[in-house]
2 protein chains.
Amino acid sequence: MQKSPEVFAALADPTRLGLLGALAQGEKTVNELVAPFDMSQPAISRHLKILEAAGLITRRVDGTKRPCRLAPEGLAQIETWASMMRRAYAANYDRLDAVLADISKGEKE
Amino acid sequence: MQKSPEVFAALADPTRLGLLGALAQGEKTVNELVAPFDMSQPAISRHLKILEAAGLITRRVDGTKRPCRLAPEGLAQIETWASMMRRAYAANYDRLDAVLADISKGEKE
DNA sequence: TATTTGTATATTGTTTTAGTTATATAAAGG
DNA sequence: CCTTTATATAACTAAAACAATATACAAATA
C-alpha cells in the first residue's frame, strides 16, 4: 500500500536489537560483536548487513577489519514515525475520549 | 539473549503499518479497516491481534462490532527505546567522532 | 426463532527468515 | 610468498510468518 517498513523489520529480531545495544557503547568490529552472542560469525555478519541496509549502522574499513557504528539516520526514521503517530493520536483520540465518555454516560441511563 | 522485540515485530509488516495509519485518523471497526486493504478479513483480523498483543491497539465491544483504537503504550515503548539509543549515541559517538577525526588526520601522513 | 451481519478461529500451502557448516577473499604478518 | 586473521558469501535446512478458503459463533434484526 505504501512504504516498506525496512527499519522496523530490522529491529524485529532480538539478536539485532542486542547488536544495536552493543554498538550503543561505541564502535565495535565484527568479531567483537560476535563474542557475546552464542551464534556463528556468518549469522552475525548477515544481521549486520540487514542493519546497514536499514540505515541503522555504518561500517568503515580498517585493514581487514570492518568496525561498525550506530547510524542516527535509521533512528531518526523511527522517531519521525513515532512522533507522527503521537500527533495523530493527540489530534484524533484525546478529542474522541471526551466524545466516548459522553456516549457511555448517555448509555448508562 | 534478552527481551523480545514484540512491538518492533508488530511494525515489521506494511499491512500493519497501514492499519496503524488508518487508526491514526480515529477509531475504526474491523470491516472499516478491511475495506482499503485488498486482503481478506481473516488476514486483517490476525494482524489486529498482533497489534493488540504488542500494545499498539485496543479493542472494545460494541454489539457485534469490535472498534479498534490506537493505544499509546506501544508507541511509548518505541519512543523509550529510541531515546535511550539516541542518548547512548550522543554519549559514545559524538565524542568518538572527534577521536576518529584525529586518527584519520594522523593516518594521512 | 431464523437469518443476517460482524468478527474470530482452523486448516493448509507458500514464502521468508534465521541458523549452520563450508568456503572464498582480502589484508597483515612472518 | 605463505599463512593467518577478519570478514563475507554460498548452499542448505528448519522454523516462523503470511495469506487464502472454509467455517464457527455471537449479537442484531426480521
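Mentor: Let's start with the fold of chain A: of its contacts with a separation of 6 or more, 49% are between residues 24 or more positions apart. Two residues are in contact here if their C-beta atoms, placed from the backbone, lie within 7 Å. Keep in mind that this is a predicted model, where local features need pLDDT of at least 70, side-chain atom pairs count only at pLDDT 80 or more, and totals for chains, interfaces and linings use all residues. Residues are numbered from 1 along each chain as its sequence is written, while chains are lettered from A and ligands numbered from 1 in the order in which they are written.

Chain A has five helices and two strands, which run α-α-α-α-β-β-α from the N terminus on. Those are DSSP runs, numbered from the N terminus: H or I of at least four residues for helices, E of at least two for strands. Of the 109 residues in chain A, 25% are buried, meaning that 20 or more other C-beta atoms lie within 10 Å of a residue's own C-beta; exposed means 12 or fewer, and partly exposed is in between, with C-beta atoms placed from the backbone.

The spot I'd pick is Pro67(A), in the loop between strand E1 (57–59) and E2 of chain A. Pro67(A) counts as partly exposed because it has 18 C-beta neighbours inside 10 Å. Leu33(A) is 34 residues away from Pro67(A) in sequence, yet their C-alpha atoms are 9.7 Å apart. Beyond its neighbours within four places in sequence, Pro67(A) is in contact with Glu27(A), Lys28(A), Thr29(A), Arg59(A), Arg60(A) and Asp62(A).

By class, the surface near DNA strand D has six nonpolar, ten polar and six charged residues. Ala, Val, Leu, Ile, Met, Phe, Trp, Tyr, Cys and Pro count as nonpolar, Asp, Glu, Lys and Arg as charged, and the others, Gly among them, as polar.

Now look at the other strand. DNA strand C has 23 residues around it, the closest being Ser40(A), Gly63(A), Thr29(B), Asn31(B) and Pro42(B). Here H4(B) gives the most, again six residues.

How do the two protein chains relate?

Where the chains touch, 33 residues come from chain A and 32 from chain B. H5(A) gives the most to chain A's side, with twelve residues. That side holds 21 nonpolar, seven polar and five charged residues. The copies meet through the same surface, because 97% of the interface residues of chain A are also interface residues in chain B.

Methods: A residue is near a molecule or strand if its C-beta atom, placed from the backbone, lies within 6 Å of it.
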